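Subject: Structure handover and notes

Hello,

Please find the structure below. My notes follow it, starting with one contact and then going on to the rest.

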Protein chains: 2
Amino acid sequence: MSKGEKTRARILEAGLKVACRDGLGGLSIGTLANDLALSKSGLFAHVGSKEALEEAVLKAAFDRFVERVIAPALARPGGVARLRAIFDNWLEWTAAPPFPGGCPIFAALHELDDRPGPARDRLIAAQRDWYGTLIRLAKRAVDDGDFRADLDTRQFTFDFQAIVFAFAHARIVLADPAAPERLARGGFESLMAAARNARGI
Amino acid sequence: MSKGEKTRARILEAGLKVACRDGLGGLSIGTLANDLALSKSGLFAHVGSKEALEEAVLKAAFDRFVERVIAPALARPGGVARLRAIFDNWLEWTAAPPFPGGCPIFAALHELDDRPGPARDRLIAAQRDWYGTLIRLAKRAVDDGDFRADLDTRQFTFDFQAIVFAFAHARIVLADPAAPERLARGGFESLMAAARNARGI
DNA sequence: TTGAAAAAAGAACGATCGTTCGTTAAATGA
DNA sequence: TCATTTAACGAACGATCGTTCTTTTTTCAA
């Protein structure tokens, strides 16, 4: 790893931190350079442009999400076990993202949803992949015989995601710090129970 | 209505439009003044400061939400009818907020969640009120005899909100434009069915 | 119609933004 | 060790940011 690559990694790490707290729009080449004890132009040379920096930071967020949420879950056997692991990991990711401040991907989604361009396209494509992954896992659970054969896997995925989004919201809003997780797990178990095969699992 | 009041109303309307598209952070006194064919200083005199402008625009968003989502629903009789009306209105609000670009309140929540201050406090307080309103309506539905007596109204409210959040997300992400509403209504009917009194309604 | 009050304009401020350029310092491979 | 590539710096740019003044125009009531 050359010096340049090392510096770039430091930049993306610091950028991810800022993005968690203030979103992609909160990124500033000047303040980022200050944080890293670099000159503005020195940092600029590494990233090429503000837009490229935003994209690189977003990609770093994706990589982290895969590493923390998806990959460990896919190591589990079977659809249900993987779905449960994803739920756990996702909740933890939401409660404690790479850096304090909230999920950077979720923040980017709200920042880019009305700013057409390649960054938005890439982000939406990634979200569709995510949808697809969850649907595939639900189908797998059906094939495993753990979920009902007539389960609407799209609806299941929608409801699955809904719980996590509401969890993220409740964490910000509700006064009782234990409530969000309790509510999210309550909703999740109901969802799983409703999806279960009649014979139970 | 004096001239000043009229101009201020125009400012807030235009500000709300910008906030829907780019969030509160996207507000700029300069560009806002340009849009309204005003001078920067002329507009500034009306709002006092950037922060005050953000707060005023956020308040305008709240007022609009009450007007479009809450008030019409509270005109209905009984807890269930009001919950159904709120769901319908909220979905429509999410799909077509005052101006194109997404719910300004939701966007503000993500912008302010890590920026302590009176604006954040007011926003969170409003969200708690909203939670409280939904819980109260669910209790009302229990009292009406339409919902199960042992219903966990907090869990119901959590699940209720979850569906709308997932709807907002799906609208941005999913390719099929009809899918989000279909999924949201599917989830909602399941939720209502599970909450219903055994005797049915 | 006149005169006070309110509204809007205009110019300038310090700061920060992303970006470009030319130059210096450091790392790297032969 | 030396030559060359790479990394980082420093200064400056035009633009925009929120804000503060002073001045001009408009509104509105007596």
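Which residues in α9(A) and α8(B) meet? From α9(A) they are L183(A), G186(A) and G187(A), and from α8(B) they are R154(B), Q155(B), F158(B), D159(B) and A162(B). Contact here is taken as C-beta atoms, placed from the backbone, within 7 Å. Helices (H or I, at least four residues) and strands (E, at least two) are DSSP runs, numbered from the N terminus. By class, this contact has 3 nonpolar, 3 polar and 2 charged residues. The nonpolar class holds Ala, Val, Leu, Ile, Met, Phe, Trp, Tyr, Cys and Pro, the charged class Asp, Glu, Lys and Arg, and the polar class the others, Gly among them.

Before going further, note that this is a predicted model, in which local features need pLDDT of at least 70 and side-chain atom pairs count only at pLDDT 80 or more, while totals for chains, interfaces and linings use all residues. Residues are numbered from 1 along each chain as its sequence is written, and chains are lettered from A and ligands numbered from 1 in the order in which they are written.

Chain-chain contact
Across the two chains, 29 residues of chain B are in contact with 29 residues of chain A. On the chain B side, α6 (104-112), α7 (118-143), α8 (153-173) and α9 (179-195) each give two or more residues. The most come from α8(B), with 13 residues. This side of chain B divides into 13 nonpolar, 10 polar and 6 charged residues.

DNA strands
DNA strand C has 22 residues around it, the closest being S28(A), G30(A), G4(B), S41(B) and G42(B). A residue counts as near a strand if its C-beta atom, placed from the backbone, lies within 6 Å of it. Two or more residues come from each of α2 (29-35) and α3 (40-47) of chain A, and α1 (3-22) and α3 (40-47) of chain B. The most, 5 residues, come from α3(B).

Around DNA strand D there are also 22 residues, with G4(A), S41(A), G42(A), S28(B) and G30(B) nearest. Here α3(A) gives the largest share, 5 residues. The surface near DNA strand D has 4 nonpolar, 13 polar and 5 charged residues.

Annotation
An unreviewed UniProt entry lists a "DNA-binding region" at residues 28-47 of chain A. UniProt positions use the numbering here, feature names are shortened, and annotations may be inferred rather than shown by experiment. That span is 75% helix and 0% strand, and its end C-alpha atoms lie 12 Å apart. The feature "domain: HTH tetR-type", also from an unreviewed entry, is placed by UniProt at residues 5-65 of chain A. Residues 5-65 are 80% helix and 0% strand, with end C-alpha atoms 21 Å apart.

Chain A overall
Chain A has 9 helices and 0 strands. Its C-alpha trace spans about 65 × 35 × 35 Å along its principal axes.

Regards
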